[in-house]
Amino acid sequence: MRERAGQSLAADAQSIADRLNQEMADRSRDLALLGALDPMRNLRDIASIQALLDSLRRSEPDFLWLAVTDPQGNVVAATDGGLSGIDLNSLSDLRDQLRGRPNSWGDPLRIVRPGEADQPPLERQRQINISRPIRSADGTAVGIIVAQLSWEWVRDSISPLISHNEDGAQNREALVVSNFDTVLVGPPDMIGRRLTLPDISRARVGIFGWATTRWPDARDYITGVSFAAGERQFSGPGSVPMRWAVLVRERESAALVPADELRRSIFITGVVLAVMVATLGWMIAGLITRPLRQIAAAADCLRRGESVELPILRGAIEVEMLSASLRAMVATLTSKQVKLDELESATQHDSLTGLLNRAGLKSWLARALAQARTEPSGLLVLVGDLDGFKQVNDTQGHGAGDNLLQEVARRLQSSVRVRDAVARIGGDEFIVVLHAPLGLGDRLALDTGHRLWSRVTEPYEIGGQSIVIGLSLGGAGWPEDDQQLDLVLNKADAALYAAKRAGKGRIVFHKEPAVAPGLLAEG
């Protein structure tokens, strides 16, 4: 890939050099043809000479100006009036042409118009001048045609000749370097800078081609190089003053992108093929083991207590027999388990409110106690009794009393967390058990007791009537009060009776009394 890029860059550099040489030769030939016309050979008809110069200037916009001098070097006609009367005889190349020596056009320092001496050296280097002798019919030199070319034609000639990469990207840059090693054409930040590279030195002695070169920006470029020396009839590279080195460069990393993409494609293809082969092997193995895996997955779901049906498996007779036997066994076990679950639920939940009953609370406390010991955390027990329930039951009837108990149970359940428990242990007596971080039991009991009291004492709409009842609470904590949970329950129950004896509508804690808003707390 590097070889291909280098050859392409060298071809671009050679094409640009050939185009520059050809363009200069064409412009020089235009002047020669103009000098061979009859009005030019005697320099008498100044008006006709002026018309010819203006016509060539209009037809060839690359010429900035043209002028004709007499044998003494005085301008007799020009497309730019500012040249009239200028004595050019002191210029050595004009004297050489008047003496019959070969033309040495192209030296950018040869002709300096008024005001141009103040131009920066770079601008003077970028001026391109051509001169041709005018001879009479007998070969006598009667004058000189002098012209200056626009610099734009150099850029316009270079741009179309830079080829694109194989992927269509344009990452190449063309540079033209003067015989003073000054960059005349190139990236904007390099124009006018001095550039010394081995490639330029090789080009000036006729060694063209390409090389990978480290440039002043410390980056490696694949560089194609050639040389624009002027008209081809002058022997040897650089034998005329033009002496422009032409370089076309491309960053090595950009030139080798296709190679990197190919390498990446090979890697990706290898990975894809490996994945495909592994997937195919996995699929084949899956076809063989799928029936057993289906049975195993269904068995795991059943072990976790999930409701699942074993699939009917087709294939080998042994697998079908195993599938049928397991389905029958699971159906029997599931039916029995459902009945057991229903029976257990009925024995552990209150039939009226759906809350835990005494048996359910005991089972829940056993699990909660084990969890509290591993976290570690504590348990807070609140025992509550409804104030005024008996009056509602007596005056409104048992139906209204049952509806009131159901509504109280709903409010209690919605006032605690999911991980906490609410139980009805008989009549209008309820127990709330909370998980509490160690050291925060009293505060949590106070906040929860206040929240339960506020919710329960809100008015109820029962049978079209508004009913208001009260709530008394007694509380104790584990392990703050005792390591035996049964004793904690007894102490909470005792605290409840203390609250009722004190006038009801209160919350009493067994330890560290505190007063909740709207409630009286006693120890």
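Okay, let's begin with a definition: a residue is buried when its relative accessible area is under 20%, exposed when that is over 50%, and partly exposed in between, using a 1.4 Å probe and protein chains only. Take Arg455: with a relative accessible area of 24%, Arg455 is partly exposed.

Now, what are we looking at? This is a predicted model, so local features need a pLDDT of at least 70 and side-chain atom pairs count only at pLDDT 80 or more, while totals for chains, interfaces and linings use all residues. Residues are numbered from 1 along each chain as its sequence is written, and side-chain values use heavy atoms, with hydrogens and water left out.

First, the overall picture. The protein has 523 residues, and 42% of them count as buried. Its secondary structure comes to 15 helices and 16 strands; those are DSSP runs numbered from the N terminus, H or I with at least four residues for helices, E with at least two for strands. The accessible surface comes to about 26900 Å², and 55% of that belongs to carbon and sulfur atoms. That area is from the Shrake-Rupley method with a 1.4 Å probe, and for residues only the protein chains shown count as cover. As for contacts, meaning heavy atoms within 4.5 Å, take the ones between residues at least 6 apart in sequence: 59% of them join residues at least 24 apart.

In what order do the strands of the five-stranded open sheet come? The order is 6-5-9-8-7, and the pairing is antiparallel. Strand 6 and strand 7, which is 209-214, stand at the edges with a single partner strand each, so one side of each has no neighbour in the sheet. From one strand to the next, the twist averages 35°. Here, two strands pair if DSSP finds at least two bridges between them. And in general, strands of a sheet pair through backbone hydrogen bonds, either parallel or antiparallel.

Let's look at two of those pairs. Strand 5 and strand 9, residues 244-251, run antiparallel and are joined by five bridges. Find Val176, and you'll see that its bridge partner in strand 9 is Val246. Then strand 7 and strand 8 pair in the antiparallel sense over six bridges, and Thr212 has Ile222 in strand 8 as its bridge partner. Strands 7 and 8 also form a hairpin with five residues between them, and Ala218 in the turn has a positive phi of about 65°.

What lies across this sheet? Helix 1, residues 2-35, lies across strands 5, 7, 8 and 9, and runs at about 30° to strand 8. For that angle, axes are lines fitted to C-alpha atoms, for helices over the stretch in contact, and angles run from 0 to 180 degrees between N-to-C directions.

Next, helix 12, residues 389-396. Which of its residues are buried? They are Phe389, Val392 and Asn393. Looking down the axis of helix 12, the buried residues fall within an arc of 100°, so they line one face of the helix. The arc is taken from the directions from the helix axis to the C-beta atoms. On the other side of helix 12, you have Lys390, Gln391, Asp394 and Thr395, which are exposed. The cover over the buried residues includes strand 10 (378-387), helix 13 (398-414) and strand 14 (465-467). Just after helix 12 comes Gly397, with a positive phi of about 105°.

Last topic: salt bridges. The rule is a side-chain nitrogen of Lys or Arg within 4 Å of a carboxyl oxygen of Asp or Glu, and by that rule there are 21. One of them joins Asp181 and Arg194, at 3.5 Å from N to O. Asp181 sits in the loop between strand 5 (173-177) and strand 6 (183-185), Arg194 in the loop between strand 6 and helix 7 (198-204), 13 residues apart. Buried or exposed? Asp181 is buried at 12% relative accessible area, whereas Arg194 is exposed at 61%.

Another pairs Asp420 with Arg417, with the closest N and O atoms 2.8 Å apart. Asp420 is buried at 5%, and Arg417 is partly exposed at 37%.

And back to Arg455: its side chain meets Glu458 in a salt bridge at 3.2 Å, N to O, and Glu458 is partly exposed at 35%. Elsewhere, salt bridges that share partners join Glu23, Arg27, Asp30, Glu60 and Asp62 into one network.
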